[in-house]
Structures are given as structure tokens and as C-alpha cells.
Amino acid sequence: MALEYIDEAPTLEEYKEMRRQVNFMVLSDRIAANALNNAFHITCVRDCGRAVGMIRVLSDGSYANFITDVMVIPEYQHRGIGTEMLRRTMEFMRST
């Protein structure tokens with residue numbers, strides 16, 4: 001397992017597939033693309049190039065931030081990936 005935490009969005013297809021695997025609501029391509037494109041910050045976790053988790057932040061650009069779409073696909077859960085994504089996200093928000 002060679003996990004990489006990358007501050008960029010997954011592809012639309014990867015995002016929709018991760019949502020499907022964690023039983024999140026199904027989104028149309030238009031809505032999913034808007035969610036990715038309008039995020040303030042996204043971290044995607046990859047294992048050998050495969051998207052296995054992500055976290056997304058919405059912001060008013062001032063002081064209010066909302067963390068959403070925290071997901072790790074089932075076969076990678078319970079390995080501390082979600083905790084590490086949240087730690088990195090909080091560090092990012094404190095720095096901005």
C-alpha cells in the first residue's frame with residue numbers, strides 16, 4: 001500500500017464511484033462536477049494511482065468552512081486514512 005495524499009480533486013468518474021462504494025447519494029454528472037469544481041479544498045487519497053478516499057471543504061472565503069464528503073472506500077477503511085485526511089485538512093485550513 002503506497003498511499004499518496006494529494007491536494008487535488010479526483011476525476012468525476014472516481015468521485016461518483018467512491019460515492020457509490022460508500023453508499024452516498026447518487027449525483028448526476030452536472031451536480032457532481034459542480035461539487036468538485038466549487039470546492040475550496042479537496043484532498044484525494046490514492047493507492048498506486050487508484051482513488052481510495054477524499055475529503056472536500058466548502059468555504060465562504062472568509063472564516064466559515066464546512067467539511068464534507070469525507071469518504072474512504074470500504075476495503076481501505078479502519079486504517080487511519082480518514083483521520084489523516086482530516087488532520088491534513090485542518091492543518092490546511094489553519095494555514096489559510
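## Aromatic pair

This predicted model contains one aromatic pair. The partners are Phe40 and Phe92, whose ring centres lie 5.8 Å apart. Their planes meet at 55°, so the pair is classed as tilted; an angle over 60 degrees would have made the pair edge-to-face.

## Exposure of the two rings

Are Phe40 and Phe92 buried, partly exposed or exposed? Phe40 has a relative accessible area of 38%, so Phe40 is partly exposed. For Phe92 the relative accessibility is 23%, and Phe92 therefore also counts as partly exposed. The limit for a buried residue is under 20%.

## A charge over a ring

Tyr76 has a charged residue over its face: Arg79, at 4.9 Å from the ring centre.

## Packing of helix 1 and helix 2

Helix 2 also packs with helix 1 (residues 12–21). The axes of these helices are 10 Å apart, and the angle is about 105°. Helix 1 and helix 2 are therefore roughly perpendicular to each other, because angles of 65 to 115 degrees fall in that class.

Which residues meet where helix 1 and helix 2 are in contact? Helix 1 contributes Leu12, Tyr15 and Lys16. From helix 2 come Asp29, Ala32, Ala33, Ala35 and Leu36. Sorted by class, this contact has six nonpolar residues and two charged ones, with no polar residues.

Terms used: Residues numbered from 1 in each chain as written. Predicted model: local features only at pLDDT ≥ 70, side-chain atom pairs only at ≥ 80, totals over all residues. Heavy atoms only, no water. Phe/Tyr/Trp six-rings, centres within 6.5 Å; stacked < 30°, edge-to-face > 60°. Buried < 20%, exposed > 50% of the residue type's maximum accessible area, 1.4 Å probe, protein only. Lys NZ or Arg CZ within 6 Å of the ring centre and 35° of its normal. Axes fitted to C-alpha atoms, helices over the stretch in contact; angles between N-to-C directions. Helix = DSSP H or I, 4+ residues; strand = E, 2+ residues; numbered from the N terminus. Parallel < 35°, antiparallel > 145°, perpendicular 65-115°, else oblique. Contact = heavy atoms within 4.5 Å. Nonpolar A, V, L, I, M, F, W, Y, C, P; charged D, E, K, R; others polar.
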